[in-house]
Amino acid sequence: MKKINILIALLFTSQFLFAGKISEYEVPKEVKTKFAEMFPNQNVSKWEFEYGNYEAEFTLNKIETSALFSPAGQWLQTETDIKIDVLPISVIEYISKNLAGKKIKEAAKTIDAKGNITYEAEISGEDYIFDAKGNFLRKQPA
């Protein structure tokens, strides 16, 4: 019986640690306060808990945007949807050369707390991540 309780606890904890939509009531006050400071008069359309951090999805100047915060309310990064033709030319060249025949479904620009910029191109259910100059860094599930 003790093993079953431990297994249930582990399953619950692992589910909570990774990702999922949550209600605003589950978001720490520090996170909501920091969001309101950074994005005054913006309404969050969806909150998510992702790998120990809180993500707010909202529309800013008619552009889909998300901001990521630590549980203590520290801003980590902001991701903004961009038009595909705004991606650096080296991103387009990389995709043409290495993923011939594949099309970019969506694109985004991310700025982190240190000012680092990355670009993201979603292709066939995977996100291809590039640095500010358009150099390929990695791919990950979309």
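Leaving aside neighbours within four places in sequence, with which residues is Ser 66 in contact?

1. Basis of the model. This is a predicted model, in which local features need pLDDT of at least 70 and side-chain atom pairs count only at pLDDT 80 or more, while totals for chains, interfaces and linings use all residues. Residues are numbered from 1 along each chain as its sequence is written, and side-chain values use heavy atoms, with hydrogens and water left out.

2. Ser 66. Beyond its neighbours within four places in sequence, Ser 66 is in contact (heavy atoms within 4.5 Å) with Glu 55, Ala 56, Glu 57, Phe 58, Gln 77, Thr 78 and Glu 79. Ser 66 belongs to strand S4; helices (H or I, at least four residues) and strands (E, at least two) are DSSP runs, numbered from the N terminus. Ser 66 is buried, at 9% relative accessible area; buried means under 20%, exposed over 50% and partly exposed in between, with a 1.4 Å probe and protein chains only. Its side chain makes a polar contact with the side chain of Glu 55 at 3.1 Å. A polar contact is a pair of N or O atoms within 3.5 Å; within protein, one must be able to donate a hydrogen and the other to accept it, and residues adjacent in sequence count only if both atoms are side-chain atoms.

3. Most residues other than glycine have a negative phi. Asn 61, although not a glycine, has a positive phi of about 55°, and the phi of Lys 62 is also positive, near 65°. Asn 61 is exposed, with a relative accessible area of 68%, and Lys 62 is exposed at 83%.

4. The largest pocket. A pocket is an open set of points on a 1 Å grid over the protein atoms alone, where a 1.4 Å probe fits, with protein on both sides within 12 Å along at least five of seven lines; lining residues have an atom within 4 Å of a point. The largest pocket holds about 790 Å³ of space, the volume being the space filled by probe spheres set on the points, which are joined across faces, edges and corners. Its lining has 29 residues, of which Glu 50, Glu 55, Glu 79, Glu 120 and Asp 127 lie nearest the centre. Strand S6 gives the most to this lining, with five residues. The lining divides into eight nonpolar, eight polar and 13 charged residues; Ala, Val, Leu, Ile, Met, Phe, Trp, Tyr, Cys and Pro count as nonpolar, Asp, Glu, Lys and Arg as charged, and the others, Gly among them, as polar.

5. Aromatic pairs. Rings of Phe, Tyr and Trp (its six-membered ring) pair if their centres lie within 6.5 Å; planes under 30 degrees apart count as stacked, over 60 as edge-to-face and the rest as tilted. The count by this rule is 10 aromatic pairs. Tyr 94 and Phe 136 form a stacked pair, 4.8 Å centre to centre with 5° between the planes. Tyr 94 lies in helix H3 and Phe 136 in strand S9, so the pair ties together parts 42 residues apart in sequence. Phe 136 also pairs edge-to-face with Phe 130, with centres 5.7 Å apart and planes at 70°. Phe 136 is partly exposed at 32% relative accessibility, whereas Phe 130 is buried at 0%. Elsewhere, ring pairs link Phe 35, Phe 39, Trp 47, Phe 58 and Phe 69 into a cluster.
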